[in-house]
Amino acid sequence: MISKYSRIFLLFLLFAAPIFVLAQDHGHDHDDHSDQDHSEHTQEAHGENHSHEGDHHAGCGCDHHAEEKEYNPTPDAFHHIADANAYHVVGDIYVPLPCMLYAPESGWTFMMSNKFDYGHNHGTGKKAINGYVLNHGEIMRVSDSSFPMNEEVEIDCITHGEGDSYVVNYKGTCYALDYKSTVDGGLFGGGITSFYDFSITKNVFTMLLAFLLVFLIFRAVAKGYKAREGNAPKGIQSLVEPIFLFIRDEVAIPFLGHKYERFLPFLMSIFFFILALNLVGQIPFFPGSANVTGALAVTGALAIITFILVNINGNGHYWQHIFWMPGVPVFVKPLLAFIEILSLFIKPLTLMLRLAANITAGHIVIFIFVALIFIFGNAGQSMVGTGIGTLLSVPLTLFMMTIELIVAFVQAFVFTILTASYIGAAIEEHHH
Amino acid sequence: MTGTLTAIGMGLAVIGAGIGIGTVGGKAMDAIARQPEAAGDIRSNMILMAAFVEGAALIAIILGFIS
């Protein structure tokens, strides 16, 4: 009995430890800040926390705010779920990632992201290289051509400009920054920018890791079947086989009938890829934590693949049901055709949104539960509040992470079952 | 406070989806209780239907984002 309780307590400590480290880290930031230490570090923290509230100064300068405000977890949560060009581990430790940038005017730029010198600065680089700057782990490009474009220069800081935009302060002058080039970050923000970012970002890195993981697991399983043909499964085979059979017997065969073997590789790839990404995203430290299946670009690509596969396999009956529905009065047919064509595009759209929204929501909820410590502790200033916040936060985070494990499986399953049902509707034989 | 109306709209959409998914889940439980041997089929169809209901809520959420 005693050992049972002590084990639970140890588990609690294990989860509490990183949170205390984070709390220390944050407390440290804000101590700096209340000491009126006007380092860039502090300015950044301010620029981030306050400019959303609209108190942006008219001239260009690095903002200095004296008064302490309540901790607002929203910007931090959005930085956590966004893609990044440097992998945040803990505190000031970042893993640099390779950057491959292309701008039509200045050509290609290759470098590692630690060249931006983001050391003690919350992932914001102190240098501008060929007009690129690193803002909270994201690469942005100066859109003003009077900025020294083809060299390395020290910048003063990056602050919020008008609306959602950022400006870089270099020698007392402000230069506007382009939005980031990918579609996923700003939730339909993005748009056309002056540069293209082909970098191995956090999300791309995690995807490569998931590819490798799934490949190694399945190679081991395949070897196991070869070595022990006809015998009972062993080791990792016993883990993969029930999941594989479940997808085949519950998803592929009921929806696709006797033609299931043709689509089984696709369904399995999509299921295990999404599952691996969801689970790797649940690891709260370095090789994990990326919100890959919560990025609209990733789920959008998967949904487009499904859309293409469904429509190139669609038979005559499928297209007839879309354009000229049989068995209804003639005056209803054009109306139904309109609705069916709409639903043709809504299907992959909801497929994309469902996965992204569910995984992003999970990441944000876990982040907010961890942020309870800072909300209760008044950003590390109140020790009692931090203690209460931790007591609240640890069980809630633990609970939510368990729920997210289930969600990881359910969402991978739902994506696969819906894909199978769409393919099934497209290849179904006619029988009236 | 910005986006308050959007937040209300998203809340209303979630009420609709909640009623829908609740009905789907409840009826599926009834069905499984009546015919436990068909539990597998019922469960797959339940998840499928819940996903369709959720789709409507997701469209509402996206309309909330772009408005």
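Is A:Glu250 buried, exposed or partly exposed, going by its C-beta neighbours inside 10 Å? In this predicted model, A:Glu250 has 19 such neighbours and so counts as partly exposed; a residue needs 20 or more to be called buried. A:Glu250 sits in helix 5 of chain A. Leaving aside residues up to four places away in sequence, A:Glu250 touches B:Gly40 and B:Ser44.

As for the scores of the model, ipTM is 0.76 and pTM is 0.78.

Now for chain B itself. Chain B has two helices and zero strands. It is made of 67 residues, and 12% of them count as buried. Among the contacts in chain B with a separation of 6 or more, 77% come from residues 24 or more positions apart. The average pLDDT of chain B is 83, and 90% of its residues score at least 70. A word of caution goes with such scores: where pLDDT is low, the predicted coordinates should not be read in detail.

Back in chain A, how do helix 9 and helix 10 of chain A pack? Their axes are 7 Å apart, and the angle between them is about 170 degrees. Because angles over 145 degrees count as roughly antiparallel, helix 9 of chain A is roughly antiparallel to helix 10 of chain A. The contact of these two helices has 21 nonpolar, nine polar and three charged residues.

Helix 9 of chain A has another partner, helix 8 (residues 316–323) of chain A, and the two axes come within 6 Å and cross at roughly 120 degrees. Helix 8 and helix 9 of chain A are therefore oblique to each other. On the helix 8 side, A:His321, A:Ile322 and A:Phe323 take part, and they meet A:Ala337, A:Glu340, A:Ile341 and A:Leu344 of helix 9. By class, that contact has five nonpolar, one polar and one charged residues.

The strands of chain A come next. Strands of a sheet pair through backbone hydrogen bonds, either parallel or antiparallel. One open sheet of chain A holds three strands in the order 4-3-12, and its pairing is antiparallel. Strand 4 and strand 12 (196–197) of chain A each have a single partner strand, so each is left with one side that lacks a neighbour in the sheet. Strand 3 (residues 98–103) of chain A pairs with strand 4 over six bridges, and one example is A:Cys99, whose bridge partner in strand 4 is A:Met111. Strand 4 (residues 107–112) of chain A also contains A:Trp108. This tryptophan counts as exposed because 11 other C-beta atoms lie within 10 Å of its own. A:Trp108 and A:Phe195 are 87 residues apart in sequence, with 9.7 Å from C-alpha to C-alpha.

A further open sheet of chain A has three strands in the order 9-10-11, again with antiparallel pairing. Its edge strands are strand 9 (157–160) and strand 11 (173–176) of chain A, each of which pairs on one side only. On average, and ignoring direction, neighbouring strands here are turned by 35 degrees against each other. Strand 9 of chain A is joined to strand 10 (residues 166–170) of chain A by four bridges. Within this pair, A:His160 has A:Tyr166 of strand 10 as its bridge partner.

Finally, there is a hairpin in chain A, built from strand 6 and strand 7 with two residues between them. In its turn, A:His136 has a positive phi of about 50 degrees. Strand 6 (residues 132–135) of chain A runs antiparallel to strand 7 of chain A, and four bridges join them; A:Leu134 stands opposite A:Ile139 of strand 7. Which residues cover the two faces of strand 7 (residues 138–141) of chain A? A:Glu138 and A:Met140 lie on one side, A:Ile139 and A:Arg141 on the other, and all are buried.

Key
Residues are numbered from 1 along each chain as its sequence is written. Chains are lettered from A and ligands numbered from 1 in the order in which they are written. This is a predicted model: local features need pLDDT of at least 70, side-chain atom pairs count only at pLDDT 80 or more; totals for chains, interfaces and linings use all residues. Axes are lines fitted to C-alpha atoms, for helices over the stretch in contact, and angles run from 0 to 180 degrees between N-to-C directions. Angles under 35 degrees count as roughly parallel, over 145 as roughly antiparallel, 65 to 115 as roughly perpendicular and the rest as oblique. Ala, Val, Leu, Ile, Met, Phe, Trp, Tyr, Cys and Pro count as nonpolar, Asp, Glu, Lys and Arg as charged, and the others, Gly among them, as polar. Two strands pair if DSSP finds at least two bridges between them. Two residues are in contact if their C-beta atoms, placed from the backbone, lie within 7 Å. pLDDT is the predictor's confidence in each residue, from 0 to 100.
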